[in-house]
Amino acid sequence: MTTTLGAFVLGTPDPPAPADFYRALLGWQEVERKPEWVRLKAPHQERPGLSFQLETAPPRG
């Protein structure tokens, strides 16, 4: 059996800011941008992706 990682999703109060940073750092492409969600991918492969989603409250644990 083979397991493949599909994506990493990070919660943040400002999804576009870290997405812009990591897009420039990694040289990845932006696939989708909304105020509450940004998704990046490597230039020549779909997976794994890196996404940033809006999180307005800190995690509770």
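## A pair of strands

E3 and strand E4 (residues 49–54) pair in the antiparallel sense, over 4 bridges. Two strands count as paired if DSSP finds at least two bridges between them. Within this pairing, Arg39 stands opposite Ser51 in E4.

The model is predicted: local features need pLDDT of at least 70, side-chain atom pairs count only at pLDDT 80 or more, and totals for chains, interfaces and linings use all residues. Residues are numbered from 1 along each chain as its sequence is written, and side-chain values use heavy atoms, with hydrogens and water left out.

## The chain as a whole

The chain has 1 helix and 4 strands. Both kinds of element are DSSP runs, numbered from the N terminus: helices (H or I) have at least four residues, strands (E) at least two. From the N terminus on, the order is β-α-β-β-β.

The C-alpha trace spans about 35 × 30 × 20 Å along its principal axes. Of the 61 residues, 21% count as buried. Buried means under 20% relative accessible area, exposed means over 50%, and partly exposed lies in between (1.4 Å probe, protein chains only).

## The sheet

The 4 strands form an open sheet with mixed pairing, in the order E1-E4-E3-E2. Strand E1 (7–12) and strand E2 (29–34) stand at the edges. Each has a single partner strand, so one side of each is left without a neighbour in the sheet. On average, neighbouring strands of this sheet are turned by 15° against each other, direction ignored. Axes here are lines fitted to C-alpha atoms, for helices over the stretch in contact, and angles run from 0 to 180 degrees between N-to-C directions.

## Lys41

Lys41 is found in strand E3 (residues 37–41). Lys41 counts as buried because its relative accessibility is 13%. Leaving aside residues up to four places away in sequence, Lys41 touches Trp28, Gln29, Val31 and Glu46. Contact means heavy atoms within 4.5 Å.

## A surface patch

Leu25 lies in helix H1 (residues 16–26). Leu25 is exposed, with a relative accessible area of 56%.

Phe21, Tyr22, Leu25 and Leu26 form a nonpolar patch on the surface. Together they have about 390 Å² of accessible area. Accessible areas come from the Shrake-Rupley method with a 1.4 Å probe; for residues, only the protein chains shown count as cover. Patch residues have over 30% relative accessible area and no salt bridge; like charges are joined within 9 Å, nonpolar side chains (Val, Leu, Ile, Met, Phe, Trp, Tyr) within 5 Å. A salt bridge is a side-chain nitrogen of Lys or Arg within 4 Å of a carboxyl oxygen of Asp or Glu.
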